[in-house]
Amino acid sequence: MSLAHGRHYLAIPGPSVMPDRVLQAMHRAAPNIYTGELVEMVHGLVPDLKAVARTSHDVAMYISNGHGAWEAALTNTLSRGDKILVLGTGRFCIGWGDMATALGVETQVIDFGLTSDIEMAQVAEALAADTEHRIKAVLAVQVDTSTSVKNDILALRQTLDAAGHPALLCSDNIACLGCDAFFMDEWGVDLMVTGSQKGLMTPPGMSFVYFSDKADRARDQADLVTPYWDWRPRVEPEIFYRYFCGTAPTHHLYGLRVALDMILKEEGLENVWSRHATLARAIWAAFDTWGQGGELKLNIAERETRSHSVTTVDMGGGNGARLRDWMIAEAGITLGVPLGMDDRPEDFFRIGHMGHVNAQMVLGVLGSIEAGMKALQIPHDPGGLGAAVEVISGSGGLTA
Ligand SMILES: *Cc1c(COP(=O)(O)O)cnc(C)c1O
């Protein structure tokens, strides 16, 4: 006998749970890609994509996953031999930097480790040392999906400004756009990359590169630009076919249209951010309570630097893998495997809580985790689920 039969819940940090309505919108015959409904629909998508990033700058759409957006960002702004500064707070920014190295770009990496956000003093020091302004771009992630840390992108802007440094500020928001608050223009971000399959609740396969006028001027100098990844023809193209440098990702576009309506028109972006914040606080309340006495803890200690879209848990004692297996077999929930925790991967798991996630889903995950810890005799303090209920009910837990 297993209690896992019933609707399975994939609680990994991307691809995230897709709304049935998004999937249904994709279930249709191929549309005409030259004129008509699809063409009109895509013209309308662009302002909404800008709205979720709070920007009036340009956005280029790609048929790719997030790695494609990384490469587009680098090749449109850099030349071989250019230098960039990579701010590592987990696997993802390091991976983006590795891609730059492979393209022939010189990378200076500051690695802040697996449990910390970017320390601005160290960035300021590196910028001050670059008296000739050889650093052309600074790469950071707002949320690193491996560690579940959230970086302060506005503080990074202020650090660049205080140093009087002209490098482009480039942010990877693949894990958190539409989950954590982000203001591209207000925060002075020059370039931002994101993908369809996390906060945007659409299947993997589309990515987006947002770029400021300053980043677009860098495009004029960049010798890494290639015809396919070039962002210029993808922005307000003369003919629709050029939006995607070929056939459009027709069905993804129908799904994305519904997802953006759900975010912007039905719920409202600020409400979406608040929902993610409260659900994240419920998860933190549970683990902070369960872990009061023992080994079990959230990977990121500081609340201000915890992501609202993904949570990395350190169970200790090889219990991350045991619990993950139990959850699949006995509760019908798949938790995320760890990424980058190479010295003791068995201790960790990740919970994806991005996009189409609500109170009952989070309480279901947390209640099942509590049951799993009991079943497997994993030491934990009592009361975690109750602490989450306090947050969800709003009875004082919201500020706790
Ligand atoms: C998921 C993710 C990526 C990679 O996206 P893919 O679609 O898997 O290529 C990059 N950066 C961050 C922060 C992510 O969460």
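Start by selecting helix 10, residues 319-331, and look at what its buried residues pack against: strand 13 (333-335), strand 14 (348-352) and helix 11 (359-375). Here helices (H or I, at least four residues) and strands (E, at least two) are DSSP runs numbered from the N terminus, and contact means heavy atoms within 4.5 Å. The buried set is Asn319, Gly320, Ala321, Leu323, Arg324, Trp326 and Met327; buried stands for under 20% relative accessible area, exposed for over 50%, and partly exposed for the range in between (1.4 Å probe, protein chains only). Step on to Gly332, which follows helix 10 and has a positive phi, near 75°.

A word on what is on your screen: this is a predicted model, with local features needing pLDDT of at least 70, side-chain atom pairs counting only at pLDDT 80 or more, and totals for chains, interfaces and linings using all residues. Numbering runs from 1 along each chain as its sequence is written, and side-chain values use heavy atoms, leaving out hydrogens and water.

Next, select Val17, His356, Val357, Gln360 and Met361, which lie nearest the centre of the largest pocket among its 27 lining residues. A pocket is found on a 1 Å grid over the protein atoms alone, as an open set of points where a 1.4 Å probe fits, with protein on both sides within 12 Å along at least five of seven lines; lining residues have an atom within 4 Å of a point. Strand 1 (9-11), helix 8 (250-267), helix 9 (269-290) and helix 11 each give two or more residues to this lining, and helix 11 gives the most, with five. Colour by domain: the pocket lies between domain 1 (9-16 + 268-393) and domain 2 (31-264), because both give residues to its lining. Those bounds come from an automatic or database domain assignment.

Now go to Gln142, in the loop between strand 5 (135-141) and strand 6 (143-144). Gln142 is buried, at 2% relative accessible area. Show its side chain together with that of Asn173 to see a polar contact of 2.8 Å; the term covers N or O atoms within 3.5 Å, where within protein one must be able to donate a hydrogen and the other to accept it, and residues adjacent in sequence count only if both atoms are side-chain atoms.

Finish at Val313 in strand 12 (residues 310-314), buried at 0% relative accessibility. Leaving aside residues up to four places away in sequence, Val313 touches Phe287, Lys297, Leu298, Asp347, Phe348 and Phe349.
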